[in-house]
Structures are given as structure tokens and as C-alpha cells.
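This briefing walks through a protein chain and the ligands modelled with it, topic by topic. Please keep the sequence and the model at hand while reading.

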Amino acid sequence: MVTIEEALRIIEDQKIELKSESKPLEEALGFALAAHTAAPFDVPEFDNSAMDGYALCGLYQQYQLVGEVAAGDSKDIALQEGEAVRIFTGAKVPQNTTAVMMQEKTSMKERTLFLDEMPKAGQNVREKGGQLKEGQAVFAKGHMLNPPSLALMGSLGLSTLEVFSKPRVNIITTGNELVKPGNPKTKGQIYESNSYAIAGALQQFGFQHHQKIQLQDDFEATKAGIKTALESCDVLIISGGISVGDYDFVKQSLEENGVNELFYKVFQKPGKPLYFGRKQNQFVFALPGNPASSLTCFYVYVLPLLQKLSGYSKTGLPTYQFPIKHAFENRFGRPSFLKAAVIDGKVAILDGQGSSMIQSMAQGNALAFVEDGEVLKKGDLMKCKLIS
Ligand SMILES: Nc1nc2c(c(=O)[nH]1)N[C@H]1C(S)=C(S)[C@@H](COP(=O)(O)OP(=O)(O)OC[C@H]3O[C@@H](n4cnc5c(N)ncnc54)[C@H](O)[C@@H]3O)O[C@H]1N2
Ligand code: MOO
């Protein structure tokens, strides 16, 4: 049995070889950059107007109107003292522009422009290089491309990005009692639900699963199913059959398939019988079958590995601290990830903390962490990971 910190450290310390590929900008969301990026030119590349209005030369209250520049115009105008041109947001300002005045604060009589107030030097002019200077570092290797990052790369004229490839993931669910939703079931059977949570959580963080396999609690079938799954994935996520019951064949089947154990059992609730193993460059998580255990282990342990294998420089869900809405004492006998709701900056621990209870997890939006035996007073800070 390892501690939560030891388990996370073992995952973090895995030596891996990353692969990279070229992605068109429109498909690069959620991938990590495989190379450092620097700005190929100043952004913006030229001084331009932040407003629809008038570009002014000198600081006066009236000007002679001498022309117009629209966004995208490439004409090069040079203003003389006391001259103004009509200008629009994003348009390159003429040479010698002192300021831009927004049109709402102006009036025009014939070709003379009157300002309601004195302009200030530099007002409403977006300076060349104001965001980035040519050659300046934009993103380090491993930066995960979010929507604004895609916009920034696009604004640098980059249409294809070199990114780290993402791991291929397969999912196995085990259990004789499991029936696929939509089919009839007999007494004693239940509907299979963990694979939907795992596939959904994969999707939530930009990963996909390749294959989903349902196995009976049978040693030969489990061995064969794991062998098949390992033929087409980098990460195999198994749900159930990892505890000590007579029908829990996963651990032994993994051994028979040449998977080496990196840890088995974590001192935590839920998810104590969590297993992590490796076969060359393939990784296997066997998540405890209880629905809340399996999904909690996904967020806490599987996600950081998937992100590490995708070349992310930052992995795992960030931890925030929120004051607790009510007193709470951890009597579970293990450090615990509690199903919780963070609302208006405060965390409430939800009813229904059993490992089999997914209803409370579905109502909440966070996992709140509490040490074994810890006693919290109302208002004490609690470490939380937001899961939705
Ligand atoms: N004698 C002991 N028994 C148990 C221990 C223990 O230490 N000693 N640990 C308990 C803990 S903690 C957990 S968690 C579970 C984990 O067991 P398994 O990983 O072997 O999971 P299963 O036995 O296959 O299933 C547990 C539970 O979850 C339901 N389940 C399983 N798969 C699914 C699925 N895909 N969709 C929906 N529900 C699923 C299953 O029906 C069981 O109710 O072991 C405890 N026992
Ligand atoms: O570790 Mo189990 O997940 O407590 O139920």
C-alpha cells in the first residue's frame, strides 16, 4: 500500500518518450506544443487605431480633415500639424499621428473637425509590438493549446503546429453482473455505467478512447481481453475486478500479460484497491469497480498520466482552497476525496459519500480533500479539485 503522494510521485517519475506530429491549427486544441515558439514579427505589426474616429497630428481642439484610412488599407499617409484623417478600428495610423479621438467626441463642419475635449498624446493608438516584440518567446514547449493560444498562433500566421501526439486509450469493464444499458436484465444484475463516466471524463479533457471491451469475471477471458486491448493502446483503463474477491482476476491477468506492477493499493478513500502498472511503453490503470472510486481515481491519477504522455508541462487538476460551509470530521479512517459542491466560493460536503454512490458526485462539481481524522470547523480552508 502506498500513500497518495507516493502514488502520484510514481506516476510523475515515469520515464517516457514523446512522439510529435503536425496538426492544422483548427485541430490543435488541447494538444501541447512540441517546440518553443517565438514571435516572427511584432504584434501588432504597425501602430493602429483602437477606435472608429479620427487620427490627429498635434494636440488641438480643431483639425483640417485630409482623408480616410480603413482597416486593411496599406496606403502610407503622413499627417502635417493640425491635420486629421477619418480612421477605423484596427486601421494603420498615418505617420505623425499623435492620438486618435473616438467619433462620439467630435463634430464636423465642412472639412473642419471639432473635438469636445483636448486629446492626450498616444490616446487610442495601439502600439507596434505592444503585445509581442519580434523574437520574443510566446510559448514554451509543453504549453497546452487553449482557444486563446490558437488565436495567438493564428495571429502569428502559423497554420500548422508541431504538437505532441496524444496516447491511445482503451477501456475494459469487468463483471458478470454488468448489462449494457438499453438491454433487459435479471435480478442481481446491474447496468454497466463506469465506462460512460470514464469515456466522458476522457472526452472532457480532450482524449478519446479507441476500444471499449466488456469482460466476464473469468480468468481466461480476462487474460485474453487484456491481451487484445494491449494490442492497440498506450494506456489501458480497466474498471473492476481489482480487489481481493474470488472473482477479481484483473491483477493476475495483468501479470500473465507481462504488465509490471508499479503500485497496488493506495491509502485513500475512495479507491483503495487502485492498481498502476507498465509494460514497456504501455501503462495500465485498474480502477476499483465502485462507480465513485473509479471516477475519482480517474481525475486524481489517470488524468495526470494522460497529460504527461501528451507532453503537457502542467499535469493534473489544479488544487484550489475554499472555506468549508459547515464543520466536518473525517471518520473514514483514510485520507479522503469527498464529493463536494463549490458554490459562491464556499465548499459544501455532500451527503452520500459511499464509494458506490455516483448520485452525489453527479450533483456536485468538486472533489474536496481531507486528511485522515482531520477535524474542520466552518470556514476552515479545504483543498478542492473542480471536476466540472
Ligand atoms: N474483502 C474486501 N473486499 C473489498 C475490499 C477489501 O479491501 N477487502 N475493498 C473494497 C473496495 S474499497 C472497493 S473500491 C471494491 C473494489 O472492488 P473491485 O475493483 O474488485 O470491483 P468489483 O468488485 O468488480 O465491483 C465493485 C462494485 O462496483 C460495481 N461495478 C463494477 N464495475 C462496474 C461498472 N462498470 N459499472 C457499474 N458498476 C460497476 C460492482 O457491481 C460492485 O458493486 O472492493 C471492496 N471490497
Ligand atoms: O476504496 Mo473503496 O473505493 O473505499 O470503496
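**The shell around ligand 1**

The residues in the shell around ligand 1 divide into 8 nonpolar, 16 polar and 4 charged, where Ala, Val, Leu, Ile, Met, Phe, Trp, Tyr, Cys and Pro count as nonpolar, Asp, Glu, Lys and Arg as charged, and the others, Gly among them, as polar. The model is predicted, and local features need pLDDT of at least 70, side-chain atom pairs count only at pLDDT 80 or more, while totals for chains, interfaces and linings use all residues. Residues are numbered from 1 along each chain as its sequence is written, and chains are lettered from A and ligands numbered from 1 in the order in which they are written.

- Of the 28 residues around ligand 1, those that come nearest are N194, G240, S243, P288 and G289; a residue is near a molecule if its C-beta atom, placed from the backbone, lies within 6 Å of it.
- Two or more residues of this shell come from each of β13, α3 (194-204) and α6 (291-309); helices (H or I, at least four residues) and strands (E, at least two) are DSSP runs, numbered from the N terminus.

**The shell around ligand 2**

- Around ligand 2 lie K269, P270, G271, K272, P288, N290, S293 and S355.
- Sorted by class, the shell around ligand 2 holds 2 nonpolar, 4 polar and 2 charged residues.
- K269 and P270 are joined by a cis peptide bond with omega about -5°, and P270 is found in the loop between β18 (260-264) and β19 (275-279).

**The chain as a whole**

- The protein chain has 7 helices and 27 strands.
- Its radius of gyration, taken over C-alpha atoms, is 29 Å, well over the 21 Å that the globule rule gives for 388 residues, so the chain is more spread out than a compact globule; the globule rule is 2.2 Å times the number of residues to the power 0.38.
- Along its principal axes, the C-alpha trace of the protein chain spans about 95 × 50 × 40 Å.
- Of the 388 residues of the protein chain, 37% count as buried; a residue is buried if 20 or more other C-beta atoms lie within 10 Å of its own, exposed if 12 or fewer, and partly exposed in between, with C-beta atoms placed from the backbone.
- Among the contacts in the protein chain with a separation of 6 or more, 67% are between residues 24 or more positions apart, two residues being in contact if their C-beta atoms, placed from the backbone, lie within 7 Å.

**Helix α4**

- Helix α4 (residues 219-230) has 12 residues, which at 1.5 Å a residue should span 16 Å, and its end C-alpha atoms are 16 Å apart, which agrees; the expected span of a helix is 1.5 Å times one less than its number of residues.
- T222, G225, I226 and A229 are buried in α4.
- Seen down the axis of α4, these buried residues fall within an arc of 100°, so they line one face of the helix; the arc is that of the directions from the helix axis to the C-beta atoms.
- An α-helix has 3.6 residues a turn, so residues three or four places apart point the same way.
- The cover over the buried residues of α4 includes β13 (169-174), β16 (209-215), β17 (235-239) and α5 (250-256).

- C297, which is found in helix α6, is buried, with 30 other C-beta atoms within 10 Å.
- Leaving aside neighbours within four places in sequence, C297 is in contact with G271, L274, L287, P288 and V302.
- C297 and P270 are 27 residues apart in sequence and 8.1 Å apart in space, C-alpha to C-alpha.
- F283 lies in strand β20 (residues 282-287) and counts as buried, with 26 C-beta neighbours inside 10 Å.
- Not counting residues up to four places away in sequence, F283 touches V235, R278 and L305.

**Backbone features in loops**

- Most residues other than glycine have a negative phi, and most peptide bonds are trans.
- The peptide bond from V43 to P44 is cis, with omega near -10°, and P44 is found in the loop between β2 (37-38) and β3 (48-49).
- N124, in the loop between β9 (112-115) and β10 (125-126), has a positive phi near 60° and counts as buried, with 23 C-beta neighbours inside 10 Å.
- D344, in the loop between β23 (336-343) and β24 (346-349), has a positive phi of about 50° although it is not a glycine, and D344 is exposed, with 6 other C-beta atoms within 10 Å.
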